[in-house]
Amino acid sequence: MKRHLTDGELRAALDGELDAQSLGHLEDCADCLARQSQLQAKQTQTASRLAFLTPADEPAPVPQKAWARFSQRLSIKKETSMFKKIFAFPVVRFGAAALVILALVLAFPGTRALAGELLNLFRIQQVTAVPVDFTGLEQLTGDGALGNQFTELISNSVNMTDEPGEPVEAADAAQASQLAGFNVRLPQSHTPSQIYVTDSAAFSMTVDRAKAQALLDEAGRGDLVLPESVDGADISVTIPSSVSAAYGTCPKPEADSSKAEDEGSPNRRYPDCVILAQIPSPSVNAPADLDINQLAQIGLEFTGMTAEEAASFTSTVDWTSTLVVPIPSNSANYEQVSVDGVTGTLIQRPSREGEPTTFALLWVKDGIVYAISGLGDHAEQALEMANSLP
Amino acid sequence: MKNLKTDVVEASSTDSTPALTGGAGVSSAFEALFLEHWSQVYRALCRLVGDPAEAEDLALETFVRLYQRYPWREAGTNPGGWLHRVATNLGLHSIRGWKRREHYELTAGKYALEETPEARPAEILAQAEERRLVRLALAQMNERQSQLLILRHSGSSYREIAEALDLAPASIGPLLVRAEREFEKRYRALAKEDL
């Protein structure tokens, strides 16, 4: 063999992974041996830095105990995956973690508005955006210890009373209206590639103040103190059937984002996807003595607002009629726009760090919440679609 | 279209994960697989992230993902490589988190002191600092290069690395050379920043 060995082959030789023929050449080639010597010096240096990765006999947690914890975690994941499923509607998925949505949904029933033992909640009449720092939320919804603690809290508190089921396909607006139980509006100038109807869902939850407070403490926000009145509060939420019409190449609505992370960039898979979703306003029942403004303020402070900013924002929002959509403060912007004869909110998140540009146009008309969302610079198309609804 | 349930704890027929065997837990086949690989996965993560609690948490998450995604029931599949790849990915992702980096800075020295009480504190802290820089350098590299280095320096053979990362065995040598160069470059840059 006359060809000199490549660096890769010389490296394989150092690891005892070179084939016999090449090894034969190496033994007789002074040039290759000299290069290998240089390579070995570098490899030894790297190996010394990475030496702590070398297997040792440190004790691992007993496998049987670990198995018990694994089974428990799997069970909790299963429970919460169904809970999260009801938040699959694009209005609440857009750029927001489930926690904030939950907090804000719970914040809708204002004690100012209704009296009595139970508040028979709200109908969304308007949408507004609030820029927040998602760092704390990512901690709660991530895979770390805090995320698991939050997941456990939710799974222990929530009781699904009506599971949403799998979305079913509808042929046109008329069939979608029949299945969903409300008048579905679709732009006549565009042909949807698919229409899905997702059935209604409902859940109730009982607040465990001690655990929720422990979660805040764990997150380093022990300065935020939940009021005693939240302990044991029974809250029920009903989410009506919703309809999603997809334009272009889009994922199916039941797609679980946590399972799609290995499938490549959504920009490549769904570059022209635009989804028009619509849903009658959800409703929430909560105890009358729940201080919603206080809870909303705590939620806003958790997301990075100062106490003054949170108080100021809370005082400007009618929590009984406003869908508050949190957006990442450092990477998204929003503006009020005239749409479908009412005032809506256009949220845009410019492309960054390899993630595609995203947009969502939200508005409420005649008790129905509408959202047009998608990837890329199609906000103008969204406005045109919205303004052409029959 | 809809399953009406009174308690969320019940297993859902619409869930895409394999069926649980009633209230007793997951199937015995998966349990056997878990018990076989648990210690290895945990130890690899413990070395990588340097925090036993975090390592256990990530190891459990690795198995949850295996259960949910990998076709582990298919005959002939060996999940060892898959587990290694996912575990190291989770470990690297964890290191990248800025919150956790602060955590590592605090805990690296603590665990080292606990493990080797006879050594001098200054030496231990210096070693801990070096490991922190190594972890950061690995976390900064592209995923495949980091995986290569971690797998190789954890003792995996070229064949095992090739299986885990879906690469040709003959490509491992050249890729290792490039990965080690990249690692040294990043490590030195980080060490310089720290001066």
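A residue counts as buried here when its relative accessible area is under 20%. Keep that cut-off in mind, as it comes back several times in this walk through a predicted model.

Chain A has a mean pLDDT of 73, with 70% of its residues at 70 or more. Within chain A, helix α9 (residues 173–180) has the highest confidence, at a mean of 92, while strand β1 (residues 118–120) has the lowest, at 32. Residues 79–122 of chain A stay under 50 throughout, and the model gives that stretch 134 contacts beyond four places in sequence. Residues 254–268 of chain A are also below 50, with 18 contacts beyond near neighbours in sequence. Where pLDDT is low, the predicted coordinates should not be read in detail. So treat those contacts with some care.

Now for chain B. Of its 195 residues, 52% count as buried. Of the contacts in chain B with a separation of 6 or more, 62% are between residues 24 or more positions apart.

Next, the aromatic rings. A pair of them is described by the distance of the centres and the angle of the planes. Over all chains, there are 13 aromatic pairs. Take Trp67(A) and Phe34(B): their ring centres are 5.1 Å apart and their planes sit at 65°, which is over the 60 degrees needed, so this pair is edge-to-face. This pair goes from one chain to the other, with Trp67(A) in helix α4 (residues 63–85) of chain A and Phe34(B) in helix α1 (residues 28–49) of chain B. Both Trp67(A) and Phe34(B) are buried.

Compare that with Trp38(B) and Tyr42(B). Here the centres are 6.1 Å apart and the planes are at 25°, so the pair counts as stacked. Both residues belong to helix α1 of chain B and are four residues apart, about one turn of the helix. Trp38(B) and Tyr42(B) are buried too. Ring pairs also join these four residues into a cluster with Phe70(A), Phe30(B), Phe63(B) and Tyr67(B).

Beyond its neighbours within four places in sequence, Glu56(B) contacts Trp38(B) and Tyr42(B), along with Pro61(A) and Arg69(A). Why does Glu56(B) count as buried? Its relative accessibility is 17%, so it falls under the 20% cut-off.

Finally, go back to chain A for strand β9 (residues 274–280), where seven of the seven residues are buried. Val274(A), Leu276(A), Gln278(A) and Pro280(A) point one way from β9(A), and Ile275(A), Ala277(A) and Ile279(A) point the other way. Which strands does β9(A) pair with? One is strand β8 (residues 242–247) of chain A, joined to β9(A) by five bridges and running antiparallel to it. In that pairing, Val243(A) has Gln278(A) as its bridge partner. The other partner is strand β15 (residues 368–375) of chain A, also antiparallel to β9(A), with seven bridges between them. There, Ile275(A) stands opposite Ser373(A).

Methods: Residues numbered from 1 in each chain as written. Chains lettered and ligands numbered in written order. Predicted model: local features only at pLDDT ≥ 70, side-chain atom pairs only at ≥ 80, totals over all residues. Heavy atoms only, no water. pLDDT = per-residue confidence, 0-100. Helix = DSSP H or I, 4+ residues; strand = E, 2+ residues; numbered from the N terminus. Contact = heavy atoms within 4.5 Å. Phe/Tyr/Trp six-rings, centres within 6.5 Å; stacked < 30°, edge-to-face > 60°. Buried < 20%, exposed > 50% of the residue type's maximum accessible area, 1.4 Å probe, protein only. Pairing = 2+ DSSP bridges.
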